[in-house]
Structure formats: C-alpha cells, structure tokens
Amino acid sequence: LDRSTSPPTRVFESGAILMYLADKFGAFLPTEPSARAECLSWLFWQIGSAPYLGGGFGHFYSYAPEKMEYPINRFAMEAKRQLDVLDRNLAERRYLCGDEYNMADMANFAWYGTLVIGTIYDAQEFLDVASYKNLHRWATEISERPAVKRGKRVNRIWGPEEEQLRERHSASDLD
C-alpha cells in the first residue's frame, strides 16, 4: 500500500509492484517503446514461467513428503528448458534486455538466478546448472550488486546472524 498517494494506491503481484515502482521513480524500466516492450516481455515471461518452476520442480524435488520420479523428471525437464531459454538469450547480452540492468533482471534473478547460484532447492548438480555458462555469469554478477546483497537480508530469519534482518522499518535497519 503506497500511502504517499491520495487516495492510497494498492498494488499487489510482483510484476505489478515492479512496474508501479519503476513508473513512480523513473528507474529500471526503459522508456523507448522497443526497449520497454523487450523488458516487459521478459518480466511477463518470468511471471508466467517461474511459478511453474517453483511450484512444480521445487515442490516435487525439495518439499514433497515422498519422492516421485515422474513429476521430478517432468518438472526438471521444464526447468532445464527455461534455463536454456535464459542462457541462449544471455549469450548475446550482458543482461536480459541488453546492456542495462532493469526490472526484468530483478524478477528473473529472484527465481532463476538463485537456482543457478545455489540458494534455493539445492539442485545445481541435478539440473546441471554449471552447463548454463551465460546464465551463471549473469546470476553471479547480479548477486554481487550491493542492493541485491542488502535485499537478500530483508525478512531473513535463518543462516548467519550478519545475513539476517528479521524486521525492516527503514533503510537504516540495513546498516
């Protein structure tokens, strides 16, 4: 809820939140129509694809009480197809849409980047993520951004204490 507007603006769903913030602050969303379309295409691709990866592969591989070969294999094939789509795109670009980091990278990194660098599902060997060289380069570069490092701490209640931030009420809480 953005209380800085009158009336307050309610925004939900990660893609809508990213678009709202980008428009409000004039950042991370290209204004040139072709570049904007490319960025939004990768953002919406993530919105439509990543839940399948997280809900399907993540559930059956990591969380299901019983390991069932068929759904694990089926969702692993889809996860690998998605990783390949990203890897092929990143073979010719620094970021998903070109040379500029934008909201498409932010959204996709949260799922695919963290999968590749090993912070979700513990499935790097199973999915052979090392074979996606361009995707690995992209994920590693983004994971080193100071804002990403700070953001990964928000609401984190596990791991080393210096990587946790149980509650955040202002930017100074990250200091």
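Select Met106 first: this residue is partly exposed, with a relative accessible area of 24%. On this scale, buried means under 20% relative accessible area, exposed means over 50%, and partly exposed lies in between, as computed with a 1.4 Å probe on protein chains only. The model is predicted, so local features need pLDDT of at least 70 and side-chain atom pairs count only at pLDDT 80 or more, while totals for chains, interfaces and linings use all residues. Residues are numbered from 1 along each chain as its sequence is written, and side-chain values use heavy atoms, with hydrogens and water left out.

Met106 belongs to helix H4, residues 103-117. Helices are DSSP runs of H or I with at least four residues, numbered from the N terminus. Display the surroundings of Met106 next. Not counting residues up to four places away in sequence, Met106 touches Leu18, Phe28 and Tyr101; contact here means heavy atoms within 4.5 Å.

**The H2 and H4 pair**

Now select helix H2, residues 33-63, together with H4. How do two packed helices come to be described? The angle between their axes and the distance between the axes are used. For H2 and H4, the packing angle is about 25° and the axes are 8 Å apart. Axes are lines fitted to C-alpha atoms, for helices over the stretch in contact, and angles run from 0 to 180 degrees between N-to-C directions. H2 and H4 are therefore roughly parallel to each other, a description that applies to angles under 35 degrees; over 145 is roughly antiparallel, 65 to 115 roughly perpendicular and the rest oblique. The crossing of H2 and H4 is left-handed, meaning that the near helix is turned anticlockwise from the far one by less than a right angle.

To colour the contact, take Cys39, Trp42, Leu43, Trp45, Gln46, Ser49, Ala50, Leu53 and Gly54 on H2, and Met103, Ala104, Ala107, Asn108, Trp111, Tyr112 and Leu115 on H4. By class, the contact of H2 with H4 has 12 nonpolar, 4 polar and no charged residues. Ala, Val, Leu, Ile, Met, Phe, Trp, Tyr, Cys and Pro count as nonpolar, Asp, Glu, Lys and Arg as charged, and the others, Gly among them, as polar.

Within H2, centre on Ser49. Ser49 is buried, with a relative accessible area of 10%. Leaving aside its neighbours within four places in sequence, Ser49 is in contact with Gln82 and Tyr112.

**The cysteines**

Move along to Cys39, which is buried with a relative accessible area of 0%. How many disulfides does the structure hold? There are 0, a disulfide being a pair of cysteine sulfur atoms within 2.5 Å. The cysteine sulfur nearest to that of Cys39 belongs to Cys97, 4.8 Å away. Seen from Cys97, the closest cysteine sulfur is in Cys39, and the 4.8 Å separation is too far for a bond.

**Backbone features**

Most residues other than glycine have a negative phi, and most peptide bonds are trans. Select Phe28, in the loop between H1 and H2. Phe28 has a positive phi of about 65° although it is not a glycine, and is partly exposed at 41% relative accessible area.

Asp128 is the next stop, in the loop between helix H5 (124-127) and helix H6 (133-143). Asp128 has a positive phi of about 55°, and its relative accessible area of 38% makes it partly exposed.

Finish at Pro7, in the segment before helix H1 (14-25). The peptide bond from Ser6 to Pro7 is cis, with omega near 0°.

Notes. Helices (H or I, at least four residues) and strands (E, at least two) are DSSP runs, numbered from the N terminus.
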